[in-house]
Amino acid sequence: MCGIVGVFHYGSGAPADRSLLERQATAMRHRGPDDAGVWTDGPAGFAHRRLSIVDLSPGGHQPMPNEDESVWATYNGELYGWPEIRTWRAARGHRFRGNSDTEALLHLYEEHGEGLFEHLRGMFAFGLFDRARRRLLLGRDRLGIKPLYWHDDGRRIVFASELKVLLLDPTVPRDLDSAAIAEYLTFQYIPAPRTPWSGVRKLPPGHYLVCDANGPAVRRYWE
């Protein structure tokens, strides 16, 4: 497993807090002891903790950009059949700097935008930031194998692999969701999209989230 965390100030345009992202990445060290990285660009920023399984070289370092650094990704998971995806995209002129499935994800986004989910088979949670469109895309696999939590305050969206990582951000509310607690006591788990915290949500399995200047919108891609 790997750990991902990110922020996008879609409303205010305020700069991403790099030092906070670094602290959040440190808190996820158990998810990825092999490598760590932080990327910020104005209002957007990602951090990543890596468990190196596919492409052990620096070519698999994250957060990862595409060829011209117009799109950046922080990704946790595994795409099944990604070598075939790589072969198909290379034949269409895409250039790869390494041998990771994260690069395959980036090139699928370049070609298909939000339609990339039709081409994804695997277990994953990821954040993609499109610099030209100033757009954040979050995605979670069809069955929800990989976790992804998010919070929106009306001007800024933050996301992470773990609740405790989000709660390192002092602006994320700590108010308990009484309905979620009741669901836990009833079912012994909390169904998506609720979490124990009223201001934090799980991205449901088979869904993705798009956030631009108009704010976040959650959409289903598989049922």
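The model is predicted: local features need pLDDT of at least 70, side-chain atom pairs count only at pLDDT 80 or more, and totals for chains, interfaces and linings use all residues. Residues are numbered from 1 along each chain as its sequence is written, and side-chain values use heavy atoms, with hydrogens and water left out.

The chain has five helices and 12 strands. These elements are DSSP runs numbered from the N terminus (helices, H or I, at least four residues; strands, E, at least two). Of the 223 residues in the chain, 52% are buried. Buried means under 20% relative accessible area, exposed over 50%, and partly exposed in between (1.4 Å probe, protein chains only). The chain exposes about 10100 Å². Carbon and sulfur atoms supply 51% of that area. Accessible areas come from the Shrake-Rupley method with a 1.4 Å probe; for residues, only the protein chains shown count as cover. Among contacts between residues at least 6 apart in sequence, 55% join residues at least 24 apart. A contact means heavy atoms within 4.5 Å.

Helix α3 is largely enclosed by the rest of the structure, because nine of its 12 residues are buried. The buried residues are D101, T102, E103, A104, L105, L106, H107, L108 and Y109. G113 follows α3 and has a positive phi, near 55°.

Strand β9 includes A160. At 0% relative accessibility, A160 counts as buried. A160 and I4 are 156 residues apart along the chain, yet their C-alpha atoms are separated by 5.5 Å. Leaving aside residues up to four places away in sequence, A160 touches I4, V5, L148, Y149, V165 and L166.

The second largest pocket has a volume of about 150 Å³. Its lining comprises 15 residues, of which V7, D17, L20, R156 and D169 are the closest to its centre. Two or more lining residues come from each of β1 (3-8), α1 (18-27) and β9 (157-160). By class, the lining has eight nonpolar, four polar and three charged residues. Ala, Val, Leu, Ile, Met, Phe, Trp, Tyr, Cys and Pro count as nonpolar, Asp, Glu, Lys and Arg as charged, and the others, Gly among them, as polar. On a 1 Å grid over the protein atoms alone, a pocket is an open set of points where a 1.4 Å probe fits, with protein on both sides within 12 Å along at least five of seven lines; lining residues have an atom within 4 Å of a point. Grid points are joined across faces, edges and corners, and a volume is the space filled by probe spheres set on the points.

R134 is in the loop between β6 (122-130) and β7 (135-140). R134 is not a glycine, but its phi is positive, about 50°. At 41% relative accessibility, R134 counts as partly exposed. Q188 lies in the loop between α5 and β10. Its phi is also positive, about 65°, although Q188 is not a glycine. At 67% relative accessibility, Q188 counts as exposed. P193 is in the loop between α5 (178-187) and β10 (201-202). A cis peptide bond joins A192 and P193, with omega about 10°.
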